[in-house]
Each structure stands twice: as structure tokens, then as C-alpha cells.
Amino acid sequence: MPAAGLTTSTGEPLTERLAAQLRRAGADEVRFAGDLDELAALADAADGPLLITGTDLVAHTAVLRHLATSPVGPTVALVLTDPPVPGRTAVREERGQVVDAGPLDALDGDATGVFGGALRVGVDDLPTLAAAARAAASGVLPVAAPIGPVGDVAPLPAAGGAGHSSPGSAVDRLVAGLAALGTLIFAQRVRLLVAHRVADASGLAAAEAAVTAVDEDRAELRLSVKEKDDFFSTYFVSTWSPYVVRLSARLRLTPTGVTAISVLFALAAAVLFGVGGRPALVGGAVLLYLGFVLDCVDGQLARYTRHFSAWGGWLDTMADRAKEYLVYAGLGFGVSHAGLGNGWALAIAAMTLQTVRHMTDTWYGVLHDEAARRPRAAAGGSGGIGDRLNAASTRVQADTGSVSYWLKRTVVFPIGERWALIAVTVALFNPLVSLIAVLVWGVLAFAYTGALRTLRARWMWVPVLDTVDATLHRDDGPLARRLPVVRPMGPLTLAVIAALGPAVLLVVALLGDAPDGLRWAVPVALLVLLVGGLGAGAAHNGPLDWLVPAALRAAEYLFAIAVGVVGDVPGWLIFGYVLVLTVHHYDLTARLEKRQAAPPLHAATLGWDGRSVLLALAAIVGVAGIGLATLGAYLLVVFVVSVVLAWFVRPARSARAFVAPVGAGGAAPR
């Protein structure tokens, strides 16, 4: 019996129930496409994302809603763990991407799931969708499958129509065509909920029974918690945070509102750490823990209510770093206030270390995603230590819940473990012990991840900076862009050399008795720093060039700190300036991760080279403190104005232009 002719237990045609579910999932309009040529015409005319399903899908409405609202990428495919059957597409998934697909035997035993018969196609991929539909309709494409959300929706017939020479259902041939044309398709896994593709009445009855057996709302609440989180988050937060999520939803709090409350908790904790005294330190530790719980709740609330936005994701990323560094500031002030040592120096070191670590984390993630999208032969050779490390990492990650699994996730010192360490050490001891503990564990984690990632990256040999705007993410200014290119040394070598000059100056200034006498050395350190600009115009296609942004961040921070020490600038002012720099650089990485355009006023930030030249001039004339304060205030104003322009002014202008009536300088919306 064709799936399109099946009737549910209530007597309703399966196709009609699916259409009703699509509307409840958020579809503006539901259409039935008789064949792939009709779907191609629909894709040509669409001006919003399409959610496409076969007519053989039986699932909770939440499954379709999750697919429609998935924030992972513009084009997303439903992936199931059902056993593959003839005519269905098997897939291989890595890091949330469908990197290979096709008949089961074509995947050489590497299949990790099967295509679930539904996908969301983003606006930018609609032309490719139309081309794939026409090609699949003519039978010219093999049954490959995905690599690579809701407006109109087009359920497709489960069985191929006339003229389709490729095997499999229409929706399977469609996703195969998209994959063959190089579309980046992300995977939407089904967990706790139910989704099955059915071919006959008995399969339909079994699938309906499975759907009925699961409480949809309770499952969605459990799904709001990340499937794989860090040890502290898993056992000390997520065990009870869903109750806070449900309460927040009933109170109609938004994820952004919860984020704001968590910032207030962290700020209060930082103030108590600065005040000192056992009651204040214990109270700050409790507030820090509760602030971290809320930090988890904002994301869980977004997943539970399906309220995702680019603004919310960007704000969450920026707020996480701001909260952590505010806590470092509170600890640093507390150390100095209690006379335990130079707390600001420790706070600056902790912030700098953590930022450089995060930069490497971001770009290694980009590297790994790029490697996953490439054929295995192109992503690296076989054998060798890199291959063995990759295989070992895969085995450990697959052994969820084992001792080795938790050790691997904990040793890298994720944010949950950092906040837990701070809370425990400050409550039991003092801010000095807390900052030292953060620095020691942070250095060990950086050494561990850096060594392993370097070996694996050399094995993969996948360039990533040459796939993006390298000038933007290097944060080059006008001077670096005009320097000659020294190609034989490579941009990473030049960036590392650039960091050595400021590092030497900083060490000498810290160890010397009269740092002000080193003003003559500032121009020398600047010249060494500017060596990093000699690689700006070179190709960033080496196996380790993904480290260039982190190396340049380290170089600029070290130079700014050295200028502050040489100029006898108060520690809190140096901390404040470096904090503003980190905000600027986190903005770049957050936009990279959220696939957003460059900040509107990025050119006004002067680049790492321009900022360093200005600080050097201030240090030479003996006004390093004024230079740090003035430049820091300027960069903060530029950042705030850029945020307002990017997230409020420009979207408002676009909205007004879209709704402008005909005859008033606008076009009528379709």
C-alpha cells in the first residue's frame, strides 16, 4: 500500500494529519507537490525557507517544530537511527553535519543513521534546491545524499513518479541531489521523541503507538538540556535546572531576560569577592553557582520554547565572557584589597590566558568542521600519530559516561569546571588561591589541548583561514595591510615572532626595579610586534595557520600589558583596557560562529597594529595611562555604536524598507 494512501487510527488520511502538524510546527502555508518538477517551481518562487517532507513520516509535532526552528544552520535534515531499507538514504554524520550519504553499501559500513524524510532548506540554498529537484526528476543524479530552516511547506509523494529513473522516494532523491550539488546540510537527530517513516498499515500502527507512548511536553523539557555537557553541568546543574526552565516559561521570561539576570548574579558575586571576609566570600560563591545555573537555563529555555535568534545567540556568547571576566576583576581587587599580593596582575593573566585559549578553541572548531566536510582522502593521510589520536578521541567520545569520557571533558577546563573551581576555592580559602588555581589548571589545559590539536591538525592538513576573510579575523589595520609580504616564513611563524618582543619587554619590566627606564625599549618591542603584519597578505593555508588569530591576540595583549607596566599604569586600568580588547575580539568570533557579517564599524577599531602604534607613542612621551584610558574608552564607544547599528538600527531600516507601500519608494511584499 503506498504511504500516501494510508489512514491513521482516527480515520484521517496520513497526509492530512501531516499537513496539520506542519501548520502547528510553524509553517505559514502548506502545499502538496505532485512531483519534483512542481517542487522546483515552488522553490523558484519562494522568498523564505522551505520545510519539505515525504508523505510517509509519522512523528511528534515537536520533531517537525524542532526541524523548522533549528538554529544549527540554514539547511537541516532529519536523521533517524532506524535500520536502513532499500530506497532509503543512509548517512554518515560528523560534528552535526551530514558528510556522506547514499545507499548503505556505498558508505562502506560507516553509516551513522538514515535520512528521516524531512528537511528544511534555507533561503540561500533555494536555487540549489530547484536545480537538485529538476536533476533528480530527470534521473541524472545518483542516490547520493546530504552534506549540508519556515515558510511554505511541500509534502512529497513517498513513491517516485513517472520518469524517475533513480531508485528511492522523491524526498530521498531530492536530498541526494542537494548533496551531490555540494549543499551544506546539518543533521537534526531525534532524541526522546518519536519519528518513523512507514510503508504499510502495520508500520503505521506501530509508529502511532510509539508516538502515543511518549509525553511530548515532558520529553521537550528533558530535551532542553544538552545531550552531552560537561561533568559539573551534567551532575550539579542539569539535574534540577529543568524545573527552573519550566518556571521561567510560566513566568514568560525570555532567554535574553534570563541571561540579564545571570549577569547580575555574576556582578554581585564579583562585588562580594572584592569586599572580602568569609561571609562575603561564601555568599559570592553561592551567587556565582546560581549565576551559572541561570547561564545554563537561558539556553535550555530557548530550546524548550524554541525562541532562537541571532541576537540572542550573540548576546549569550558575549555575556558569558563578560561575566567570567567581571569575576576575575572581583577576585583581583579582593587579593589587592586584602594585601595578599598583586591581584590585578593575576586577574590580567587569567583573562589573557582564557581569551587566547578561546581563540584557539574557535578556530580549531572551524578547522574540524571544514575537515568533516571534505572527503577523507583530502582531509588527511592515513596512519601516523594524528590518525591514531583521531581514532582514540572518537572512541572516547563514543563511550559516553565512562571514566575516560569524563576525564577528557574535564581536563580541558570548560566553563562549568572553571566556575565550580572558583566558587569552591574562594569559599574555602581566598581569592588569591582561586586565581592561582584558575591559572594553573588553565595553563595545563592549554598545554594539553594545544599539543593534541597541533598533532591532529598536522595530520588533517586542512586550511581554514583561506576560506574566510583572513584580514577581518586577523584584525589587521591599515598599517599591517600595507606592509610587504614575507612568504617563506609563513604567517604563523611571523605571528609567533611578533608575540616574542612584547613578551620579553614584559618580563624585563616585571623583573626590573625601574620599569619606567625601559621606555626606550617600547619602540623596539613595537617593531618586533609589527613583524606579524608581514604575513597579512600571505596565503594562510598551512596546517597550523588556524593558530594565527590566537597568536596575534596574544601579541597585542602582551604589548598592551607591557606598555602599562613600563608606564607604571594602575593594574585596574590595564585590566580594563585588555577587557575592552577581548570584547572586540569575542565579537569577531561570535559573529563567525553565528555566521554574521563583520561589525559595521570594524575599520574604526584601527586594527591590532594601529592600536599598538598609538599605545607605543603614548608610552614614549610618558602618558601611557592616558593612552590606555583614552584608547580603551574610544574602542568601547565604537563597540557599543557598532552593536546598536548591527542589531537594532539596520534591521529596523530593513523592516521599514520591506513594508514601504508601492508609490512611496518601496515595493509591495510578496
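Trainee: Why are α21 and α23 called roughly parallel to each other?

Mentor: The axes of helix α21 (residues 491–511) and helix α23 (residues 548–566) cross at roughly 20° and come within 8 Å. Angles under 35 degrees count as roughly parallel, over 145 as roughly antiparallel, 65 to 115 as roughly perpendicular and the rest as oblique. The two helices are therefore roughly parallel. Axes here are lines fitted to C-alpha atoms, for helices over the stretch in contact, and angles run from 0 to 180 degrees between N-to-C directions. Helices (H or I, at least four residues) and strands (E, at least two) are DSSP runs, numbered from the N terminus.

Before we continue, note that this is a predicted model, in which local features need pLDDT of at least 70, side-chain atom pairs count only at pLDDT 80 or more, and totals for chains, interfaces and linings use all residues. Residues are numbered from 1 along each chain as its sequence is written, and side-chain values use heavy atoms, with hydrogens and water left out.

Trainee: Which residues of α21 and α23 meet, and what is the handedness of the crossing?

Mentor: Contact means heavy atoms within 4.5 Å. Residues of α21 that meet α23 include Leu492, Ala499 and Leu506, and those on the α23 side include Ala555, Phe559 and Ala562. The crossing is left-handed, a term used if the near helix is turned anticlockwise from the far one by less than a right angle (right-handed if clockwise).

Trainee: What makes α12 roughly parallel to α17?

Mentor: Helix α12 (residues 310–337) packs on helix α17 (residues 415–428) at an angle of about 25°, with the axes 12 Å apart. By the cut-off already given, that makes the two roughly parallel. α12 also passes α17 in a left-handed crossing. Among the α12 residues at this contact are Arg321 and Tyr328, while Trp419 is one of those in α17.

Trainee: How do you know that the charged end of Arg321 sits over the ring of Tyr586?

Mentor: The rule requires NZ of Lys or CZ of Arg within 6 Å of the ring centre and within 35 degrees of the ring normal. The charged end of Arg321 is 5.9 Å from the centre of the Tyr586 ring and is assigned as sitting over that ring.

Trainee: How many aromatic pairs are there, and why is the pair of Phe231 and Trp406 called edge-to-face?

Mentor: Rings of Phe, Tyr and Trp (its six-membered ring) pair if their centres lie within 6.5 Å; planes under 30 degrees apart count as stacked, over 60 as edge-to-face and the rest as tilted. The count comes to 19 aromatic pairs. For Phe231 and Trp406 the centres are 5.4 Å apart and the planes stand at 80°, so the pair is edge-to-face. Phe231 lies in helix α8 (residues 231–236) and Trp406 in helix α16 (residues 403–411), so this pair ties together parts 175 residues apart in sequence.

Trainee: Why is Trp406 called buried and Phe231 partly exposed?

Mentor: Buried means under 20% relative accessible area, exposed over 50%, and partly exposed in between (1.4 Å probe, protein chains only). Trp406 has 13% and is therefore buried, whereas Phe231, with 33%, is partly exposed.

Trainee: What makes the pair of Phe232 and Tyr289 edge-to-face?

Mentor: Their ring centres are 6.1 Å apart and their planes at 80°, so the pair is edge-to-face. This pair links Phe232 in helix α8 with Tyr289 in helix α11 (residues 278–305), 57 residues apart. Phe232 is buried, at 14%, and Tyr289 counts as partly exposed, at 26%. Ring pairs link Phe231, Phe232, Tyr289 and Trp406 into a cluster that also includes Trp419.
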